[in-house]
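Have a look at the model first.

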Amino acid sequence: MTTVEVEKTEARTNGKHFKVIGQRVIRPDGVDKVTGRAQYGADVMLQGLLYGKVLRSPHAHARILSIDTSAAEKLPGVKAVITGKDLKPGEDKVAKSGESSVNYSYLSQNVLAQDKVLYHGHPVAAVAATSIHIAEEALALIKVEYEVLPPVLNALDAMKDDAPILLPNLRTRELGEVVSDKPTNVASHEQYARGDLAAGFAEADVIVEREFHTNTVHQGYIEPQNGTALWNADGQITVWTSTQGAWDQRRDLSEILHVPLSQIRVIPMEIGGGFGGKFPVYLEPLAALLSLKSGHRPVKMWMQRDEVLKATGPTSASVIRVKMGARKDGKITAAQAWMAYEAGAFPGSPVSAGMGVIFAPYKLDNVQIDGYDVVVNKPAAKAYRAPGGTNAAFAGETVIDELAEKLGMDPIEFRRINAAKEGDRRADGPVYGRIGFIETLDAIEKHPHYNAPLPEPSAPYMKVGRGVACGFWYNWDGKSSASAVVNPDGTVSYLEGSTDIGGTRASLAMMLAETLGIHYEDVKPMVGDTQTVGYNDGTGGSRTTYGSGMAAYHLGKEIIKEMKQRAAVLWEVPADDIDVEGDVYSYGDKRITFKELCAKLDETGGPMSVSVSLDTKGAIPALATHVVDVEVDTETGKVNILRYTAAQDVGRAIHPSYVEGQIHGGVAQGIGWALNEEYYYDEDGHLMNASLLDYRMPTALDLPMIEAVIVEVPNPNHPFGVKGVGEVPIVPPAAAIANAIYRAVGVRMTVLPMNPRNVLKALGKI
Amino acid sequence: MSNKVPVTATINDEEKSFLCEPRQSLLEVLRDVLNLTGAKEGCNNGNCGACAVIMNGVLVNSCLVLGVEANGATITTIEGITPKEGLHPLQQKFLEDAALQCGICTPGFIVAAKALLDKNPSPTEHEVRYWLAGNLCRCTGYDKIVRAVLDAAAIMRAEKQTA
């Protein structure tokens, strides 16, 4: 690791160095995870447990004429069968869910189809039985009659006037308003615009215009979706599941099942990856309904991998047209983008997020970005790490690279000339706080990788090239609650509510320990559920270390306030006059440590517990600059990643290993998206590669070591300077690799994935 | 109805007898019959390696083995790799090197890495990557996993020398 510390947050730490923050401590949940003892959603076992399975549509687009479940119901061992009729339609209203929003009418239809199926794999019925195998046998006994309809499988086709219509009641929201009553597949057209585009292009010495196509990709978490539900005889519903947002789930279940929030408890189990895809409910409402219908027995469900690929996630395929102009001195004079993102079966692609990402790193006076959210017969698109960002940056950063090339400028220098800084306004409106974009450009420019000669090609038909690209992600703050019990032995039991996907129990406990001046090991963190700790927004939007970290800090401050009261009782002095330095509380020549004071809790007022609930503000976006060396096999079209370096402004790295891990993981997913991953549909809309053999995610053999360069430009709004880390690393890789391929072989890649087929096509060889 | 078959196998140094249906995979038996849930189901068709176990000295995906095939076999799962005291060097290094994020693939990686180090105590980075290519991780980009395996190998070699 390389750390580039740009500023120190001395003011925030009274000039002291951190004791805990910045250390590479062992995560508290680690031993359970390396010994196989950790309880993930699919590991739940309960008395009288039944097993549930889902019957899915074999068609991409069809009307359901009839469903006959009678034979399935008669199979011995089957305890309940449900179809769309068992689900009261959801209300046509929208709520925020994780990083995106959710319409309950659509969410309900996605969970279990009503009159139409809209994608291959759309659930049409579900069964609970005494064994998973009996449940599978029962599925085969359900008879569904379909009227097959023509599917529409990409955004451009779906936007045509004569396209098959998925949702008969859908009308385009044109810049926020419905202006036509014509049925359509275009859910919305949004626009960001500023300045005078025509004048900007007139001023340009060079203009580049290109169209990009990216394919559908999946989050690819290794743990399939699962959910276990008990709908008890008293009406209380308990759900054990793998979720990024227990409170989001509780709200979604309440809306879908038409049951008050107070009757639902969501217990988040350990989660095997999410990347945005584990916000939505899929199986949980079905498990709950099956539990109700089977006489209040708990029902466990989990997906097979083909179900995960066919019916969860994915993120949008897209068509993006970019036009940018720049002057000879390197100043970008105008930038325009037209972006159509596939929403899948229901509105809700991340196109607006992509619109904000595409030109975000640059200060632009004349800009216009148009975005279209388009429904097609594919699974409903869900958030995937920096949703919509990778496709957007692939387009934007490729054009930036081409402008730099046409102007004969170094790609980093060209970006520096145009780089956004604190105080600059983005195309989507907000004004930047203290971002560290230029610092990441500097870090890469100075890095040995950028200054090393290109590796020698390994064969005459191999070509090597180096590419650079940048990325932006908004970062989220959001709501966090936490509570703590101070124990007589000097430890603090710390209950937080953020699902821990990548080591946040450690980073949050570190911030609480730092605040209290105690050892990390003396904080005992635990993730609560919707009934044991206050409301928390989900683990997404790169918010946990920021927002829940702020809650940890304020929780620590509350504990200190209480501890001062206890010392005041002990010494019979005013609490306000007690000084606190690290873990030492003092008054005049009286001194007592946190631990010693804990031993005196009983005699100074009894047990101590505190809690906080915050609506945090002040997140600052993350920016990153990546450089990659690739080797292109000009005979087969295969691209190998030789070396990869990613510099990112993280604000403050609380646990550097897990910060590096986020960067590594985001880069690896970005490489997969860039080179291999795609949904392959036949012309009837059947997903043809619904396995992890054919949906080809990177293996250990496909990747080199990835160097993470941590740049620290502290966020002044956070007690420890934190900025979100998790998402931005997936934004630049596709563009960086495309730019490297160009430097290697002289062709601009405008299609993802850049797999052998598409590279050979671009080379004119097939 | 079910025609269960009696099976006896040595699992993690203990003799286990159980009944299983011929259609149940070893993974299902481990998880649902024997409550050894350390082996994880990620794909159920041999592509992700999350269910890896060592069977008669060979690394296998337990989702591709039938429970009845385990009769007479010697099987080591992640639960059996954990020593009586402390942790196996692989487990220790995965923790110290932060080689896990969500942790769902971790048991499979540790089992697979153990099978590698049993055969080859001094693997190169490439050999580690090649061997572990049957295990998918979506969180880490493999960087810290590969380092952890190389670090654990070094510790195990040193331990062997002093032993």
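How many residues of chain B are in contact with chain A? In this predicted model, 50 residues of chain B touch 61 residues of chain A.

## Where the chains meet

About 4500 Å² is buried between chain B and chain A, with carbon and sulfur atoms giving 58% of that. On the chain B side, Leu95(B), Gln101(B) and Arg138(B) lose the most area to chain A, together 19% of what that side buries.

Between the two chains there are five salt bridges. One pairs Arg138(B) with Glu677(A), their closest N and O atoms sitting 2.7 Å apart. By class, the chain B side that touches chain A has 21 nonpolar, 15 polar and 14 charged residues.

## Salt bridges inside chain A

Over all chains, the salt bridge count comes to 56. Take Glu270(A) and Lys33(A), which meet at 2.8 Å, N to O. This pair links distant parts of the chain, 237 residues apart: Lys33(A) is in helix α1 (residues 30-34) and Glu270(A) in the loop between β16 (264-268) and α8 (284-293). Both residues are buried.

Arg743(A) and Asp401(A) also form a salt bridge, again 2.8 Å from N to O. Arg743(A) lies in helix α19 and Asp401(A) in helix α11, so the pair ties together parts that are 342 residues apart in sequence. Asp401(A) counts as buried because its relative accessibility is 1%, while Arg743(A), at 34%, counts as partly exposed. The two belong to a salt bridge network that also includes Arg210(A) and Glu402(A).

Technical notes: Residues numbered from 1 in each chain as written. Chains lettered and ligands numbered in written order. Predicted model: local features only at pLDDT ≥ 70, side-chain atom pairs only at ≥ 80, totals over all residues. Heavy atoms only, no water. Contact = heavy atoms within 4.5 Å. Buried area = accessible area lost by both parts, 1.4 Å probe. Salt bridge = Lys/Arg side-chain N within 4 Å of Asp/Glu carboxyl O. Nonpolar A, V, L, I, M, F, W, Y, C, P; charged D, E, K, R; others polar. Helix = DSSP H or I, 4+ residues; strand = E, 2+ residues; numbered from the N terminus. Buried < 20%, exposed > 50% of the residue type's maximum accessible area, 1.4 Å probe, protein only.
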